[in-house]
Amino acid sequence: MWNEPSPEHLRRLPRIGANAETRWQDIVIHEHFFFGACDWYMAEYGPSDRLFFGYAILNDDLDNSEWGYTAYDELRAINVRGFQIDRDLHWNACPAGEVERIVAGHHRCGCT
């Protein structure tokens, strides 16, 4: 993984389940990882099991994009001909309702 977050940085993320009662539009997205036409927008992190919770758009497929869990170690292990997942160093934390691609995915699936 390029630009991997430090353990200290990961400790500052909300813990898994912190947004259980939060409307999806208000969940703060703290991290953005990307690879080609794939994006992972991360809102929570569980240090004991090294899981992220967030919104994933794989292969630019907004119809099948969704909220869910992503294993940090699996993201780190992706390597296609020497290319790896990158962390967006210019990302500023913001509510999911302000992330254009997350909003587009919700509109495509008819989610509320």
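This text walks you through one protein chain, from its overall build to a few of its residues.

Before we start, keep in mind that this is a predicted model: local features need pLDDT of at least 70, side-chain atom pairs count only at pLDDT 80 or more, and totals for chains, interfaces and linings use all residues. Residues are numbered from 1 along each chain as its sequence is written, and side-chain values use heavy atoms, with hydrogens and water left out.

Let us begin with the whole chain. It has 3 helices and 9 strands; helices (H or I, at least four residues) and strands (E, at least two) are DSSP runs, numbered from the N terminus. Read from the N terminus on, the order of the elements is α-β-β-β-β-β-α-β-β-β-β-α. The radius of gyration of the chain is 13 Å, close to the 13 Å that the globule rule gives for 112 residues, so the chain is as compact as a globular protein of that length. Here the radius is taken over C-alpha atoms, and the globule rule is 2.2 Å times the number of residues to the power 0.38. Along its principal axes, the C-alpha trace spans about 35 × 30 × 25 Å.

What about the inside and the outside? Of the 112 residues in the chain, 38% are buried. Buried means under 20% relative accessible area, exposed over 50%, and partly exposed in between (1.4 Å probe, protein chains only). The chain exposes about 6,600 Å², and carbon and sulfur atoms supply 50% of that area; such areas come from the Shrake-Rupley method with a 1.4 Å probe, and for residues only the protein chains shown count as cover. Contacts tell you about the fold as well: among those with a separation of 6 or more, 58% are between residues 24 or more positions apart. A contact means heavy atoms within 4.5 Å.

Now look for the aromatic rings. How many aromatic pairs does a search of the whole structure find? The search gives 8 of them. Rings of Phe, Tyr and Trp (its six-membered ring) pair if their centres lie within 6.5 Å; planes under 30 degrees apart count as stacked, over 60 as edge-to-face and the rest as tilted. Tyr55 is buried, with a relative accessible area of 2%. Ring pairs also link Phe33, Tyr45, Phe52 and Tyr72 into a cluster.

Stay with strand E4 (residues 51–57), where you will find Gly54. Gly54 counts as buried because its relative accessibility is 4%. Leaving out residues up to four places away in sequence, Gly54 touches Tyr41, Met42, Ala43, Glu66, Trp67 and Gly68. The C-alpha atoms of Gly54 and Glu44 are separated by 6.8 Å, and these residues are 10 apart along the chain.

Next, move to strand E5, which holds Thr70 and Tyr69. With the corresponding neighbours set aside, Tyr69 touches Ile16, Leu51, Phe52 and Phe53. Tyr69 and Glu44 are 25 residues apart in sequence and 9.3 Å apart in space, C-alpha to C-alpha.

Finally, visit the loop between E4 and E5, where Asn59 and Asp60 are located. Phi of Asn59 is near 55°, a positive value in a residue other than glycine. Phi of Asp60 is near 60°, also a positive value in a non-glycine residue. At 62% relative accessibility, Asn59 counts as exposed, while Asp60 is partly exposed at 45%.
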